[in-house]
Amino acid sequence: MGALLNLLLIIAMLAVFVLWIVSICKSDGEKKCNPNECDTCPFPCEGHTAKNNNGKETTP
């Protein structure tokens, strides 16, 4: 029974790896930013205003 579970785990890991590789190959590298989520997004973006060190809002 343990060998069967190990085999299923290996197959599942291989499937996830293959899906990951396919996703990387299909990616065009373009960022897809949702403007509705700008306030909660932790990543910098050119499409919305950003606060500089003085707390003033600037537009890129």
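Trainee: Over which residues does pLDDT stay under 50, and how many contacts beyond four places in sequence does the model have for them?

Mentor: pLDDT is the predictor's confidence in each residue, from 0 to 100. Here pLDDT stays under 50 over residues 50-55, and for these the model has six contacts (heavy atoms within 4.5 Å) beyond four places in sequence. Where pLDDT is low, the predicted coordinates should not be read in detail. This is a predicted model, in which local features need pLDDT of at least 70 and side-chain atom pairs count only at pLDDT 80 or more, while totals for chains, interfaces and linings use all residues. Residues are numbered from 1 along each chain as its sequence is written, and side-chain values use heavy atoms, with hydrogens and water left out.

Trainee: What is the mean pLDDT of the chain, and where is confidence highest and lowest?

Mentor: The chain has a mean of 77, with 73% of its residues at 70 or more. Confidence is highest in H1, at 95, and lowest in E1, at a mean of 48.

Trainee: Which pattern does the chain follow along the sequence?

Mentor: Helices (H or I, at least four residues) and strands (E, at least two) are DSSP runs, numbered from the N terminus. The chain has one helix and two strands, in the pattern α-β-β. Cys33 sits in the loop between helix H1 (2-26) and strand E1 (50-51).

Trainee: Is Cys33 buried, exposed or partly exposed?

Mentor: Buried means under 20% relative accessible area, exposed over 50%, and partly exposed in between (1.4 Å probe, protein chains only). Cys33 has 43% relative accessibility, so Cys33 counts as partly exposed. Of the 60 residues in the chain, 2% are buried.

Trainee: How is a pair of aromatic rings described?

Mentor: A pair is described by the distance of the centres and the angle of the planes. Rings of Phe, Tyr and Trp (its six-membered ring) pair if their centres lie within 6.5 Å; planes under 30 degrees apart count as stacked, over 60 as edge-to-face and the rest as tilted. The whole structure holds one aromatic pair. In that pair, Phe17 and Trp20 are tilted, at 5.9 Å centre to centre and 45 degrees between the planes. Both residues lie in helix H1, three residues apart, about one turn of the helix. Phe17 is partly exposed, with a relative accessible area of 45%.
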